[in-house]
Amino acid sequence: MDAGPVDPTTTSAWAALAAHRAGTTPDLRGWFAADPQRAQRLTFDAADLHVDLSKNLVTDETVRLLLQLAEETGVLARRDAMFAGEHINVTEDRAVLHTALRRPAGAQPPLVVDGQDVDADVQRELEKFLGFAEQVRSGAWTGVTGKRITTVVNIGIGGSDLGPVMAYEALQPYVQQGLRCRFVSNIDPTDVASTTADLDPETTLFIVASKTFGTLETLTNARLARTWLWERLAAAGALADDDEARRGAVAKHFVAVSTALEKVEAFGIDPANAFGFWDWVGGRYSVDSAIGTSLAVAIGAERFREFLAGFHAVDEHFRTAEPERNVPLLMGLLNVYYVDHCDAHTHAVLPYSQLLHRFPAYLQQLTMESNGKSVRYDGSPVTTGTGEVFWGEPGTNGQHAFYQLIHQGTRLVPADFLAFANPAHPLRDGDTDVHALFLANFFAQTKALAFGKTAEEVRAEGTAEEVVPARVFSGDRPTTSIVAPDLTPSVLGQLIALYEHVTFVQGAVWGIDSFDQWGVELGKKLAVEIAPALTGDTAALEAQDPSTAALIRYYLERRR
Ligand code: F6P
């Protein structure tokens, strides 16, 4: 029986951390100067990820106290409960088993949870959607007129969109020639209209991805896409004007991914063309389930299996590495320290890889939908600050936009810098290796943030005295550097798993349920209630508060 969350503020580690923080002035210059082993001692490997924590505002004592905090709040016991399939998603009474999606075939001991042979079910669905992906890639699966599929349009939102689109963009070098994916998520009709505008219906396949198959945006977009398919096929003379022909077109141009296969059938998609997963996979943790079917079509079964193996390698690291070297544990604890003891409100994620340009957006759902909570998993109020705002853009674009604030602003913004030794495109500008130039920026930024520039150094450059203060960099701006040899499918899986577990650790310390998302429900419900007011229902309009009613009237008076 779960005794409920431990209040982290009641632990001896918490009080010790507060005293330690109050008594410690960050001094990365001094700390590095005094300790030549600092970089080496605070750099760790998790699978292919090489993670340097040494430019964080921590001493050995900080790390020791943070590990004590993890111990006192039962983080590792909760980790073990997650891997074992206990119902740690308390408010939805569910197991949390995204880690099971990447267990290799034949993993021992077998994972049986709530009477379900999890391994067998995972492998069966994996074979099914990877087999389908290979059919599309080989041309064995065609559209209704016999033409090969060239464009896959994933229709989904939140976790049914952000993971697939991020991974598809990240793994562009692995995408099969002649195949491309597009992604429709927003219920703004512009999204589906502009995404399909230049497509050929005969060569387009739609994947309707929705865990619940009840999401307003996704079902609306799926219906719009289905109408588009029928109209465009008919206009091309490729569709007879009868229901059977329309059903036949849907059968060849629509597949679905969901945990609610009966709703898929009700929509008109043959269950044979549907791929399942389970309620113990949260939407934001689902890119490695059948929700990744669009990615699997793009990169193929073998690469998709490498992607899963990457996740698994970091799962194993998280599950088995000793706490002192456990990268997700240490990163999660550092984040807690910054939020609760250093008053950080945000966390930047800055990939020095154009291919990862959607990674910050992906992480926003992962981290903020997971840890943006004000009550703990037993319903009691949280006793600490919780989820920080995650944000970011690829370097070097961010350098010319918001880095000013990170370097010289009044806010503490811990930042993760991501980079890869090898580029996807090894271009040269004359004699210059452009990737080397790119990464010089990565190294320069983390160095400048850590060590800054003193007034003496500024003066020594001959700077006029009145502008010296403006040109001083305080330094002691914390960063974590995460580097790997190449951005492969495996390394991408490793990165995602790393952040999943970092998110887990933070939630576990705070005692919250990182796997529910009740906070998105109210807005969804109100949208359905308000919708009639926008289409002439005066009673619905009058039921609104004065501000909302006035805004709706503004809309109604101007809508053509
Ligand atoms: O926004 C809330 C949410 O439930 C997310 O957690 C989820 O990823 C998204 O909606 C989409 O849900 P579904 O996959 O069920 O359509």
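Trainee: Where is the place of Pro-109?

Mentor: Keep in mind that we're looking at a predicted model. The peptide bond from Gln-108 to Pro-109 is cis, with omega near -10°, and most peptide bonds are trans. As for its place, Pro-109 is in the loop between helix H5 (75-84) and strand S3 (112-113).

Trainee: Is Phe-213 buried or exposed?

Mentor: First find Phe-213 in the loop between strand S7 (204-209) and H9. Its phi is near 50°, a positive value in a residue other than glycine. Now for the cover: buried means under 20% relative accessible area. Phe-213 has 2% relative accessibility, so Phe-213 counts as buried.

Trainee: What about Asp-343, buried or exposed?

Mentor: Asp-343 is in the loop between helix H14 (327-341) and strand S10 (346-352). Phi of Asp-343 is positive as well, near 60°. The cut-off for exposed is over 50%. Asp-343 comes in at 55% relative accessibility, so Asp-343 counts as exposed.

Trainee: Which residues does Gly-493 touch, leaving out those up to four places away in sequence?

Mentor: Start in helix H19 (residues 489-510), where Gly-493 is found. Gly-493 counts as buried because its relative accessibility is 0%. The C-alpha atom of His-312, 181 residues away along the chain, is 8.1 Å from that of Gly-493. The residues Gly-493 touches are Phe-307, Gly-310 and Phe-311.

Trainee: At what angle do H9 and H10 pack?

Mentor: From H9, Arg-226, Leu-229, Trp-230 and Leu-233 meet Arg-246, Ala-249, Val-250 and His-253 in H10. Sorted by class, that contact has five nonpolar, one polar and two charged residues. H9 passes H10 in a right-handed crossing. The axes of H9 (residues 216-235) and H10 (residues 243-253) are 10 Å apart, and the packing angle is about 115°.

Trainee: Zooming out, why is the protein as compact as a globular protein of that length?

Mentor: The protein has 22 helices and 15 strands. For 560 residues the globule rule gives 24 Å, and the protein comes close to that, so it is as compact as a globular protein of that length, with a radius of gyration of 26 Å.

Trainee: What percentage of the residues is buried?

Mentor: The C-alpha trace spans about 80 × 65 × 60 Å along its principal axes. Of the 560 residues in the protein, the buried ones make up 53%.

Definitions and conventions: Residues are numbered from 1 along each chain as its sequence is written. This is a predicted model: local features need pLDDT of at least 70, side-chain atom pairs count only at pLDDT 80 or more; totals for chains, interfaces and linings use all residues. Side-chain values use heavy atoms; hydrogens and water are left out. Helices (H or I, at least four residues) and strands (E, at least two) are DSSP runs, numbered from the N terminus. Buried means under 20% relative accessible area, exposed over 50%, partly exposed in between (1.4 Å probe, protein chains only). Contact means heavy atoms within 4.5 Å. Axes are lines fitted to C-alpha atoms, for helices over the stretch in contact, and angles run from 0 to 180 degrees between N-to-C directions. A crossing is left-handed if the near helix is turned anticlockwise from the far one by less than a right angle, and right-handed if clockwise. Ala, Val, Leu, Ile, Met, Phe, Trp, Tyr, Cys and Pro count as nonpolar, Asp, Glu, Lys and Arg as charged, and the others, Gly among them, as polar. The radius of gyration is taken over C-alpha atoms; the globule rule is 2.2 Å times the number of residues to the power 0.38.
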